[in-house]
Amino acid sequence: MILNTSSFSDSSSNLITNVIHRSAFRNTASMGVIWSRNLSTKSFVSGFSGKVKGSERMNHKSALVFSQRAEEVVIEDEVAVISETAPSLKSIPGLPNPLGVSETENGINFALFSQHATSVTLCLSHPDREINASEQNDEMIELKLDPCANKTGDIWHICVQELPRSNAIYGYKIDGPQNWHEGHRFDNSVVLIDPYAKLLSGRRIFGDSTDKFSKLYGTYDFSSLPFDWGDNYELPNIPEKDLVIYEMNVRAFTADKSSGLEENIRGSYRGVIDKIPHLLELGVNAVELLPVFEFDEFEFQRRPNPRDHMINTWGYSTINFFAPMARYASAGGGPIAASQEFKEMVKALHLAGIEVILDVVYNHTNEADDKYPYTTSFRGIDNKTYYMVDGNGQLLNFSGCGNTMNCNHPVVMDLILDSLRHWVTEYHVDGFRFDLASVLCRGTDGSPLDAPPLIRAIAKDSTLSRCKIISEPWDCGGLYLVGKFPNWDRWAEWNGMYRDDIRRFIKGDIGMKGRFATRVAGSADLYKVNKRKPYHGINFVIAHDGFTLYDLVSYNYKHNDANGENGNDGSNDNFSWNCGHEGETSDANIKALRFRQMKNFHLALMISQGVPMMLMGDEYGHTRNGNNNSYGHDTAINHFQWSQLDARKNDCFRFLAEVIKFRQNHQVFRQEYFIGNKEITWHEDNWDNHESKFIAFTLHDSNEGDIYLAFNAHDYFVKVPIPSPPQGRHWFRVVDTNLESPNDIIPEGVAGIGDAYNVAPYASILLQAKP
């Protein structure tokens with residue numbers, strides 16, 4: 001890691017042979033800071049002045065806080081200098097707000113919450129100090145805060161003068177009670193990341209194993225000019241009912257060589273910018289980015305374990321809730337470049353009319369459990385505040401990842417709200433999808449809450465009022481809230497019932513026709529309550545976890561051996577069907593059936609009321625070879641294969657893109673309110689027959705023309721009578737998934753439809769009434 005040395009004095013290379021302890025100062029309580037130094041004869045501390053002989057008086061300003069009012073007083077302190085050098089950095093007690101790092105007239109202010117800490121030490125390193133990973137702690141200046149002067153309530157604070165306005169790195173050493181049975185996990189040997197750090201500094205190249213044990217530290221930037229969003233820049237502000245969401249991973253989207261990008265651009269925020277034309281051609285208008293908060297891709301390799309061969313490529317293991325993933329910057333640009341490029345990406349997407357939704361993980365962090373803890377921040381700062389613990393002080397685990405954030409604790413709730421506001425105001429994102437959001441509905445003891453304060457606060461927050469807010473309404477503790485998520489008429493939900501019911505009907509399970517009808521009509525059984533709308537259901541057949549669309553029709557069973565967990569990870573309930581052969585095959589009939597089923601799933605998704613979401617790569621039939629939990633593979637298993645897209649441009653891609661555009665061109669699929677008998681006619685007199693796997697219905701639209709749809713999940717042809725079209729109109733065939741490309745979808749339609757249509761096995765049709 002290379003840092004900048006411009007702020008150092010000429011004598012910064014002097015070796016420090018003594019430690020300046022509290023006893024070396026006179027009246028240090030009034031100074032509000034105690035300098036100490038880790039012993040290291042190999043290292044030097046920068047920021048120290050030249051020689052000082054004997055004792056000298058040092059004048060500096062110190063801010064004392066009385067009843068939340070800051071006053072400045074000049075304090076004279078006589079310093080007994082033990083070594084031949086003394087710190088040149090001056091400090092005053094600082095202010096408790098805002099939390100994190102802020103720039104004031106007096107210097108750089110640091111503020112940290114810890115209710116239970118008994119000792120807090122700020123650790124600093126100037127820019128341009130090159131620090132070896134194994135020696136990072138020894139190379140930092142330590143400023144021990146005095147609780148009499150540097151603490152207001154439960155907030156520890158200090159203002160350091162003469163620090164550079166950017167690129168310095170910092171962290172905290174914190175001590176406190178050692179009572180594990182009370183929930184404390186203090187360890188003053190670890191330099192901890194500030195929860196409010198806006199940027200993190202450390203490794204710069206994703207997956208660089210030569211530096212995988214290096215630590216991350218907070219940093220800041222007050223010297224860069226404000227980002228130029230442009231005079232003509234506007235937020236897309238797309239109505240929720242009109243969204244088509246594309247779930248994608250920033251790195252995996254362009255990491256593969258087949259992306260055609262320069263090597264230093266692949267897998268970066270800038271890589272996404274280069275591929276915006278693809279998103280426009282596909283027809284989506286919102287991207288939902290897998291986690292872009294800072295995470296450690298090497299977390300599985302901290303100790304020998306069955307997963308130590310993997311790299312976390314999905315990112316569901318947050319280190320910090322404010323800092324963008326620095327290793328998604330192009331060319332190893334570092335945290336400031338990452339922040340800049342993230343904004344450039346958002347701006348470019350917005351200019352293309354595409355919204356940006358972030359998949360956010362507030363339910364747990366990277367710090368794992370008590371058996372194999374990896375302390376980086378919250379655990380060492382105030383475990384009992386930030387995490388849920390039981391009556392014996394043991395971590396509760398509703399996330400499946402060893403710890404659970406104490407989301408409805410007032411301090412943690414403020415942290416989450418501040419984080420969300422930061423991403424909206426600083427980065428202009430348009431919304432959030434909350435991973436395992438049922439965790440956010442639990443009280444501090446883990447019990448479910450009917451009116452969770454955090455969920456309400458997010459719904460009512462003025463800064464977040466323009467945002468899409470989407471919950472994944474379940475957690476790993478069994479709190480399944482699909483259709484029952486506390487919502488204040490604002491929250492949308494991932495509709496897990498939609499996924500399961502659509503999968504089961506299309507693959508031919510019996511007894512699913514009624515449930516299929518309910519789902520495509522907008523899931524009124526789940527969402528027609530109070531002022532909720534169809535678009536509060538996020539419909540999906542495929543998401544990042546689980547099978548891809550291709551694998552859903554190619555595998556009956558998960559094949560997760562590459563994960564190293566003996567197949568014990570990943571869901572067993574996939575409701576998939578391999579169409580007659582497990583995995584790859586050369587059988588032309590099976591391959592044709594698989595493609596037909598993929599088209600059936602996509603058509604059902606795009607004609608359903610509610611908001612559709614599709615997965616990156618499904619537009620060309622991406623396969624993970626049956627792996628339904630591919631979180632740890634930074635390989636072609638997850639990477640978008642652009643050469644395969646080129647090969648499928650005229651069949652798979654074309655069909656999916658044309659169906660998306662057909663949806664966008666017809667309001668009948670994007671209703672504001674739940675549809676009833678005036679808007680839909682079900683051509684059914686066979687609802688009670690559980691053996692029936694055929695369904696047909698007409699969506700009525702007097703302006704653009706009625707739409708007739710039929711889905712046949714039988715393994716035989718069904719000849720179905722076609723209702724008479726409205727007066728003055730005729731039926732045109734737009735979609736028949738049984739036909740080969742390009743005849744499987746012709747947006748303008750093909751005339752000549754009679755009074756009956758022979759729907760092929762495992763096929764679906766769409767007809768439009770036109771003049």
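## Aromatic pairs

The structure holds 42 aromatic pairs, a pair being two rings of Phe, Tyr or Trp (its six-membered ring) with centres within 6.5 Å. Planes under 30 degrees apart count as stacked, over 60 as edge-to-face and the rest as tilted. Among the pairs, Tyr246 and Phe253 are edge-to-face, with 6.2 Å from centre to centre and 70 degrees between the planes. Tyr246 has a relative accessible area of 0% and is buried (under 20% relative accessible area, with a 1.4 Å probe and protein chains only); Phe253 is also buried, at 0%.

This is a predicted model, in which local features need pLDDT of at least 70 and side-chain atom pairs count only at pLDDT 80 or more, while totals for chains, interfaces and linings use all residues. Residues are numbered from 1 along each chain as its sequence is written, and side-chain values use heavy atoms, without hydrogens and water.

## Helices H6 and H7

Helix H6 spans residues 378–386 and helix H7 residues 410–425; helices are DSSP runs (H or I, at least four residues), numbered from the N terminus. Their axes lie 10 Å apart at an angle of about 120 degrees, the axes being lines fitted to C-alpha atoms over the stretch in contact, with angles from 0 to 180 degrees between N-to-C directions.

In the contact (heavy atoms within 4.5 Å), Phe378, Thr385 and Tyr386 of H6 meet Val411, Val412 and Leu415 of H7. Phe378 and Tyr386 are both buried.

## Lysines over rings

Lys599 lies over the face of Phe655, 5.5 Å from the ring centre, and Lys649 over that of Phe653, at 5.2 Å. The rule requires NZ of Lys or CZ of Arg within 6 Å of the ring centre and within 35 degrees of the ring normal.

How values were computed: Buried < 20%, exposed > 50% of the residue type's maximum accessible area, 1.4 Å probe, protein only. Helix = DSSP H or I, 4+ residues; strand = E, 2+ residues; numbered from the N terminus.
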